[in-house]
Amino acid sequence: MTFEELKQVITATLPNCDAEKVTMDAMLVPEVCADSLDTVELSMALEEKFGAEVPDDLMATFGTVADLYKYLAENAR
């Protein structure tokens, strides 16, 4: 998994998300995900694409895209 693959899933799942704002340092909420519904949709898309379970309560603990990327890199199939 690369950052570009993660960014692609994020922007495909969240059509209102500005692709230019999706950087490793971007805050998941509010810069990438507008609200908790977005985070739920994103976690389901990430599970489907990368095979790593991302429970909603865990998703809420990620501060930045980099935090999410690190988790996925360690847990993706």
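Keep in mind that the model is predicted.

Let's start with helix H3, which runs over residues 36-50. Its 15 residues reach 21 Å from the first C-alpha to the last, close to the 21 Å expected at 1.5 Å a residue.

Now for the side of H3 that's hidden away. Its buried residues are Asp 38, Thr 39, Leu 42, Ser 43, Ala 45, Leu 46 and Phe 50. Much of that list makes sense from helix geometry: an α-helix has 3.6 residues a turn, so residues three or four places apart point the same way. The cover over the buried residues of H3 includes helix H1 (3-13), helix H2 (28-32), helix H4 (56-59) and helix H5 (65-75).

Next, the largest nonpolar core, which has 23 residues. The members that touch the most others are Ile 10, Val 32, Leu 42, Leu 46, Leu 68 and Leu 72. At least two residues of this core come from each of H1, H2, H3 and H5. Take Ile 10 as an example: leaving out residues up to four places away in sequence, Ile 10 touches Cys 17, Val 22, Val 32, Leu 42 and Val 65.

Finally, the aromatics: the count comes to one pair. Phe 62 and Tyr 71 form this pair, tilted at 45° between the planes and 5.5 Å centre to centre. Both Phe 62 and Tyr 71 are buried.

Key: Residues are numbered from 1 along each chain as its sequence is written. This is a predicted model: local features need pLDDT of at least 70, side-chain atom pairs count only at pLDDT 80 or more; totals for chains, interfaces and linings use all residues. Side-chain values use heavy atoms; hydrogens and water are left out. Helices (H or I, at least four residues) and strands (E, at least two) are DSSP runs, numbered from the N terminus. The expected span of a helix is 1.5 Å times one less than its number of residues. Buried means under 20% relative accessible area, exposed over 50%, partly exposed in between (1.4 Å probe, protein chains only). Contact means heavy atoms within 4.5 Å. Rings of Phe, Tyr and Trp (its six-membered ring) pair if their centres lie within 6.5 Å; planes under 30 degrees apart count as stacked, over 60 as edge-to-face and the rest as tilted. A nonpolar core is a set of buried Ala, Val, Leu, Ile, Met, Phe, Trp, Tyr and Cys residues joined through side-chain atoms within 4.5 Å.
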